[in-house]
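Visitor: I would like to learn how to read a structure like this one. Could you take me through it feature by feature?

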Amino acid sequence: MKHYYLILLFFIFSCSTAEKESSTTEEIANNVELTVMHEADQNDRKGIIDWSVVSVRDSARLARVYQMIEKDLIKTGKDHYHAAMIFQHGGDTIASGMAVKMMKKAIKLDSSVNKWLLAAAIDRDLMRREKPQIYGTQFVKLGEYEPWKRYDIDSTKITDAERNEVRVEPLTTQILKELRMNQ
């Protein structure tokens with residue numbers, strides 16, 4: 001009888017351990033709707049852009065991402081990356097702050113996501129708060145006939161080695177990029 005209880009306890013323990021292992025090793029699927037929204041966001045920025053149309057679409061995408069957050073539908077690193085890109089194209093500091101937050105979570109969940117977006121999100125958030133950017137990802141055009149200009153940068157905060165880690169060009173390349181943008 002004593003052996004029976006030991007076998008029963010072993011069986012119960014084995015089943016609960018196996019159940020835990022299978023639930024932690026299961027792959028969580030990326031949110032398909034969010035993937036499609038990300039693709040639409042990127043496609044809206046190709047070719048000749050009608051900002052009066054794109055800004056309406058951007059607002060709709062932002063609203064939907066907020067709904068997804070409320071319903072806990074953003075799970076994977078890719079989901080957080082896609083949400084970050086949509087927030088990156090929002091028009092205020094709330095959206096830019098969310099882009100930074102989502103990218104940090106994306107990298108925490110999946111170290112293989114493109115880290116450039118974290119640098120761009122940080123720079124855009126700083127820019128929207130009227131502070132100098134630190135990576136050098138943001139370029140602005142102050143008027144239709146004005147040249148492109150790299151937004152103000154505090155080049156003492158981040159080294160070129162740190163820029164390289166997140167796939168951002170070194171400062172010297174950024175200067176050349178600005179020149180090429182205006183040719």
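Visitor: Does glutamine 88 count as buried or exposed?

Guide: A word on the source: this is a predicted model, where local features need pLDDT of at least 70, side-chain atom pairs count only at pLDDT 80 or more, and totals for chains, interfaces and linings use all residues. Residues are numbered from 1 along each chain as its sequence is written, and side-chain values use heavy atoms, with hydrogens and water left out. Buried means under 20% relative accessible area, exposed over 50%, and partly exposed in between (1.4 Å probe, protein chains only). Glutamine 88 has 3% relative accessibility, so it counts as buried. Its place is in helix 4; helices (H or I, at least four residues) and strands (E, at least two) are DSSP runs, numbered from the N terminus.

Visitor: Which residues is glutamine 88 in contact with, leaving aside its neighbours within four places in sequence?

Guide: Contact means heavy atoms within 4.5 Å. With those neighbours set aside, glutamine 88 touches Ala99, Leu117, Ala120, Ala121, Arg124, Arg128 and Gln138.

Visitor: How do I read helix 5, and which of its residues are buried?

Guide: Here is the general idea: an α-helix has 3.6 residues a turn, so residues three or four places apart point the same way. In helix 5, the buried residues are Ala95, Ser96, Met98, Ala99, Val100, Met102, Met103 and Ala106. Their cover includes helix 3 (51-70), helix 4 (77-88) and helix 6 (116-128).

Visitor: What span should helix 5 have?

Guide: The expected span of a helix is 1.5 Å times one less than its number of residues. For the 17 residues of helix 5 (residues 93-109) that gives 24 Å, and the end C-alpha atoms are 24 Å apart, which agrees.

Visitor: Which residue caps the N-terminal end of helix 5?

Guide: Aspartate 92 does, with a side-chain oxygen 3.2 Å from the backbone nitrogen of isoleucine 94.

Visitor: How many aromatic pairs are there?

Guide: A pair of aromatic rings is described by the distance of the centres and the angle of the planes. Rings of Phe, Tyr and Trp (its six-membered ring) pair if their centres lie within 6.5 Å; planes under 30 degrees apart count as stacked, over 60 as edge-to-face and the rest as tilted. The count by this rule is one pair. Tyrosine 66 and phenylalanine 87 have ring centres 5.1 Å apart and planes at 70 degrees, so the pair is edge-to-face. Because tyrosine 66 lies in helix 3 and phenylalanine 87 in helix 4, the pair ties together parts that are 21 residues apart in sequence. Tyrosine 66 is partly exposed at 33% relative accessibility, whereas phenylalanine 87 is buried at 0%.

Visitor: Which residues lie closest to the centre of the largest pocket?

Guide: On a 1 Å grid over the protein atoms alone, a pocket is an open set of points where a 1.4 Å probe fits, with protein on both sides within 12 Å along at least five of seven lines; lining residues have an atom within 4 Å of a point. The largest pocket has a volume of about 740 Å³. Of its 26 lining residues, the closest to the centre are Arg45, Trp51, His89, Arg124 and Gln138. Helix 6 gives the largest share of the lining, six residues.

Visitor: What is the phi of aspartate 72?

Guide: Most residues other than glycine have a negative phi. Aspartate 72 has a positive value, near 55 degrees, and lies in the loop between helix 3 and helix 4.

Conventions: A polar contact is a pair of N or O atoms within 3.5 Å; within protein, one must be able to donate a hydrogen and the other to accept it, and residues adjacent in sequence count only if both atoms are side-chain atoms. Grid points are joined across faces, edges and corners, and a volume is the space filled by probe spheres set on the points.
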